[in-house]
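This report is meant for a reader who is meeting the structure for the first time.

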Amino acid sequence: MNHAWLQILEHIDWLGIGALIHLALAIGVVLRVLQSQRNASVAIAWLAILFALPFIGILLYLLLGETTLGRKYQSRNQQIRALLGAVDFAHADTPLPSAYQGVSRIGTAWTGFHAFYADKARLIDTPDDIFDALIDDINNANTMILMEFYIIHAKGRVLEVLTALENAAQRGVECHILADGVGSVEFFQKHAKTLANTGIYVHESLPVGLFKTLFKRVDLRNHRKIVAIDDKVGYTGSFNLVDPRYFKQDKGFGQWIDMMMRLEDHRTNGVIAALSAIVATDIGAENDKNLTVLTERFHDYTKKLYRLGEIGADGKLTGTPSKTVPIMRIASSLPAVRDVVVQPIPSAPQMTAHVIHSTLVSVIHRANQSVWITTPYFVPDDALLSALTCAAKRGVEVVLIVPKVVDSFLVRHASYAFFEELIEAGVVIAQFGDGLLHTKSVVIDEEYCLFGTVNMDMRSFYLNMEFSLAIYTKPLVMQVLGCQKAYFERADVVGLATWQSRSWGQKLLDNSIRLFGALL
């Protein structure tokens with residue numbers, strides 16, 4: 001019997017069967033790509049991978065092809081957003097400039113957030129000033145500290161921040177840290193448990209695991225950087241909770257260059273409450289326990305997301321308010337701007353469409369004088385590329401500032417493939433060489449600014465959870481522009497002749513990788 005089976009097995013055309021299986025699977029996945037991928041560039045890139053890499057391409061698409069955060073995560077997020085929809089946020093009642101009213105409505109339609117007043121806003125452009133300000137605010141916190149970062153790297157002055165949080169927790173301040181499960185993997189391995197033992201609530205955002213890959217796409221990450229303290233002080237920008245002197249210094253890119261915005265406001269349910277709501281939504285969406293606690297708080301305190309007190313072992317608020325301590329003024333090289341108007345724009349796949357991409361393309365198309373962009377990663381889609389080249393051709397000053405070297409080989413070469421077309425259209429491209437320029441900012445006509453965590457690439461626009469702050473107050477916009485011009489002065493402008501003189505091999509590499517730019 002065994003001999004008969006061996007003869008049968010010897011005559012089976014295993015190669016042919018494998019080819020048929022691959023063909024069947026490939027056809028199925030191709031149909032799925034055509035059905036689910038609305039972006040033509042993304043669809044074409046995946047089709048190329050599917051046919052260029054038998055079996056591997058199919059596996060890659062099943063793991064990474066679709067923006068799936070997981071049904072449970074989405075369900076919890078939708079429940080929280082429904083609760084927040086009843087909050088009467090104290091948004092600005094002064095009409096925005098007519099040129100940006102439509103752009104503002106794009107953000108409001110998808111996120112629910114209008115433009116807000118803030119008593120003060122201060123642009124902070126050095127790591128030590130950021131650490132000094134953040135530590136002082138933590139030391140003066142009374143009731144609640146919410147922190148959300150993509151990367152927490154517990155070395156250098158970051159240890160001072162964590163010590164300040166421990167001290168705050170010991171005096172009764174409720175402290176929450178939400179960090180990305182991939183970006184902060186070392187933090188969770190070495191420091192999260194110790195912090196939790198001091199009374200700090202540590203949450204892992206979008207945790208990964210072998211089993212989880214079957215139900216959600218694991219490369220969708222939480223790239224936000226937000227801090228909210230006492231519903232009075234908030235921070236956002238490109239700065240991860242890392243000390244640049246100790247972070248990735250073995251990679252040869254120099255120190256990371258970032259900026260943060262410190263907002264201060266004392267309105268009930270104002271812009272700081274909105275930042276708190278965003279962080280709380282991300283915490284609540286992580287698991288059912290967090291959602292239950294957040295829902296109980298919402299109902300118990302009627303439209304007030306957080307209230308004075310401390311959290312008990314059962315997850316409910318107990319205790320009495322701590323004594324109010326006035327927030328200290330913090331000196332900076334850039335003066336604070338008073339009475340500003342800003343609009344929070346959080347984005348997330350499957351939940352806010354492509355709100356930041358739509359906002360960005362819209363403001364570039366309506367630019368009349370200038371467009372200044374600072375970004376570490378630049379891989380535009382057709383819509384953004386067209387917006388930039390058209391703006392330059394109609395006489396708008398378009399300046400793109402990028403680092404000379406970035407920490408992603410694929411992104412670097414995909415980016416290079418666009419330079420010649422942009423320069424020929426009149427875009428000025430400057431490469432910053434004094435470190436890895438990580439700031440993400442866009443200034444339009446010296447009167448409108450997008451500032452936050454969003455890179456000019458498809459991952460930020462379509463895949464990651466991101467955050468931008470739209471700024472409508474000119475003195476603050478001009479401060480951001482001033483920092484951009486300071487970067488420009490330390491950068492080298494890319495000349496068309498020099499760029500065209502690169503070798504055939506370099507151009508081929510760039511253009512080959514550009515084919516997959518929609519997936520980077």
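In this predicted model, Lys-225 is buried yet takes part in no salt bridge, and the nearest side chain of opposite charge, that of Glu-466, is 5.5 Å away. What lies 3.1 Å from a polar atom of the side chain of Lys-225? The backbone oxygen of His-223 is found at that distance.

Lys-225 is placed in the loop that runs between β4 (201–205) and β5 (226–229). When residues up to four places away in sequence are left out, the residues that Lys-225 touches include Glu-148, Phe-149 and Tyr-150, the run of Tyr-235, Thr-236, Gly-237, Ser-238, Phe-239 and Asn-240, and also His-438 and Thr-453.

The UniProt record, in an unreviewed entry, lists residues 218–245 and 433–460 under "domain: PLD phosphodiesterase". Over residues 433–460 the chain is 11% helix and 46% strand, with the end C-alpha atoms 23 Å apart.

**The chain as a whole**

The chain has 520 residues, of which 55% count as buried, and it contains 19 helices and 21 strands. Among contacts with a separation of 6 or more, 80% are accounted for by residues 24 or more positions apart. The accessible surface of the chain comes to about 22,600 Å², and carbon and sulfur atoms make up 58% of that surface.

**Charged pairs**

Side chains of opposite charge can pair when their charged atoms come close. In this chain the count comes to 17 salt bridges, and the table sets out three of these pairs with the distance between nitrogen and oxygen.

| Arg-157 | Glu-160 | 3.3 Å |

In the pair of Arg-157 and Glu-160, which meet in a salt bridge, Arg-157 is buried with a relative accessible area of 13%, whereas Glu-160 is partly exposed at 38%. Both residues also belong to a network of salt bridges that links Asp-128, Asp-132, Arg-157, Glu-160, Asp-243 and Arg-245.

Lys-404 is partly exposed, with a relative accessible area of 32%, and Asp-492 counts as partly exposed at 44%.

**Three further residues**

Val-182 lies in the loop between β3 and α9 (185–190) and is partly exposed, with a relative accessible area of 38%. Apart from residues up to four places away in sequence, Val-182 touches Val-208 and Arg-221. The C-alpha atoms of Val-182 and Ile-151 are separated by 8.3 Å, although the two residues are 31 residues apart along the chain.

Ser-441 lies in strand β17 (residues 441–444) and is buried, with a relative accessible area of 1%. The side chain of Ser-441 is joined to that of Gln-484 by a polar contact of 3.0 Å. Beyond its neighbours within four places in sequence, Ser-441 is in contact with Trp-372, Ile-373, Thr-374, Leu-450, Phe-451, Val-480 and Gln-484.

Ala-109 is found in helix α6 (residues 98–111) and is exposed, with a relative accessible area of 62%. Between Ala-109 and Val-355 there are 8.9 Å in space, C-alpha to C-alpha, while in sequence these residues are 246 residues apart.

Terms used. Residues numbered from 1 in each chain as written. Predicted model: local features only at pLDDT ≥ 70, side-chain atom pairs only at ≥ 80, totals over all residues. Heavy atoms only, no water. Helix = DSSP H or I, 4+ residues; strand = E, 2+ residues; numbered from the N terminus. Buried < 20%, exposed > 50% of the residue type's maximum accessible area, 1.4 Å probe, protein only. Lys, Arg positive; Asp, Glu negative; His and termini not counted. Salt bridge = Lys/Arg side-chain N within 4 Å of Asp/Glu carboxyl O. Polar contact = N/O pair within 3.5 Å; in protein donor to acceptor, adjacent residues only side chain to side chain. Contact = heavy atoms within 4.5 Å. UniProt positions renumbered as here; feature names shortened; annotations may be inferred. Areas by Shrake-Rupley, 256 points an atom, 1.4 Å probe, with all protein chains shown as cover.
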